[in-house]
Amino acid sequence: MPPRPGLNRLRITAEAAAVADENGLERLTLAAVAKRCGVSLPGLYKHVEGLDAVKRDLAVQAVRELTATMAMAAAGLAGRDALHAVADAYRAFAATRPGLAAAGVAAPAPDDTEHAEAGAAAVTVLASVLKGYGIEGADAVDAVRALRAALHGFTSLEAAGGFGLAQSVDTSFARLVDGLDAAFQRWTAVS
């Protein structure tokens with residue numbers, strides 16, 4: 001039997017993202033994706049190789065969407081303002097697209113040029129923000145990693161309900177980003 005008309009990797013990825021956002025990436029199954037696409041599980045296999053392939057497509061989609069979101073947020077800004085805009089965009093993306101955001105964490109496989117190119121575009125956005133601090137080259141790699149770790153760590157804890165104290169989480173996030181701003185202002189002096 002031929003593949004179902006109108007069903008393709010793009011639609012499957014979109015439906016898988018919706019399932020992951022609703023249920024969590026760790027609960028993503030091909031059966032749930034097939035149901036959401038309106039096909040049987042064997043019918044879904046006519047379009048995808050398996051769950052790993054779907055998760056890989058989700059990772060690429062996540063990185064592309066996050067990159068576009070951060071780039072739009074930082075447009076026309078520099079320094080502290082750009083950093084806060086990118087951080088806020090990252091946090092909002094993680095809150096509104098939790099399953100997709102979780103899918104975007106993994107590094108691409110060495111032979112996956114599409115995923116690597118998507119990742120490189122994300123790094124370019126972050127490196128552009130860091131350039132406003134005079135951070136470039138190897139220093140930028142370290143700074144991008146620090147920024148990514150801080151944002152991912154905070155948003156992951158927030159998504160898991162890990163901040164139970166009464167103080168404002170928004171204030172804590174702003175202070176985290178202010179701390180990164182202070183660190184980035186001295187980044188090259190410390191190296």
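Author: Happy to; we'll look at one residue, then a pair of helices, then some aromatic rings. Keep in mind that this is a predicted model.

Reader: Which residues is Ala-17 in contact with, leaving aside its neighbours within four places in sequence?

Author: With those neighbours set aside, Ala-17 is in contact with Leu-58, Arg-97 and Leu-100.

Reader: What about Glu-65, how far from Ala-17 is its C-alpha atom?

Author: The two C-alpha atoms are separated by 12 Å, and the residues are 48 apart along the chain.

Reader: Let's switch to helices. How do α4 and α5 cross?

Author: Helix α4 (residues 51-74) and helix α5 (residues 79-96) have axes that come within 8 Å and cross at roughly 145 degrees. The crossing is right-handed.

Reader: Which residues make that contact?

Author: From α4 you have Ala-62, Glu-65, Leu-66, Thr-69, Met-70, Ala-73 and Ala-74. On the α5 side they are Ala-85, Val-86, Ala-89, Tyr-90 and Phe-93.

Reader: How many of them are nonpolar, polar or charged?

Author: Sorted by class, the contact of α4 with α5 has ten nonpolar residues, one polar and one charged.

Reader: Nice. New topic: how many aromatic pairs are there?

Author: Searching the whole structure gives four. One of these pairs is Phe-154 with Phe-163, which is tilted, at 4.7 Å centre to centre and 35 degrees between the planes.

Reader: Why is the pair of Phe-184 and Trp-187 called edge-to-face?

Author: Their planes are at 65 degrees, so the pair is edge-to-face, since the cut-off for that is over 60. The ring centres are 5.3 Å apart. Both Phe-184 and Trp-187 are buried.

Reader: Last one! What sits over the ring of Phe-173?

Author: That would be the charged end of Arg-91, at 4.9 Å from the ring centre.

Note on methods: Residues numbered from 1 in each chain as written. Predicted model: local features only at pLDDT ≥ 70, side-chain atom pairs only at ≥ 80, totals over all residues. Heavy atoms only, no water. Contact = heavy atoms within 4.5 Å. Axes fitted to C-alpha atoms, helices over the stretch in contact; angles between N-to-C directions. Helix = DSSP H or I, 4+ residues; strand = E, 2+ residues; numbered from the N terminus. Left-handed = near helix turned anticlockwise from the far one by under 90°. Nonpolar A, V, L, I, M, F, W, Y, C, P; charged D, E, K, R; others polar. Phe/Tyr/Trp six-rings, centres within 6.5 Å; stacked < 30°, edge-to-face > 60°. Buried < 20%, exposed > 50% of the residue type's maximum accessible area, 1.4 Å probe, protein only. Lys NZ or Arg CZ within 6 Å of the ring centre and 35° of its normal.
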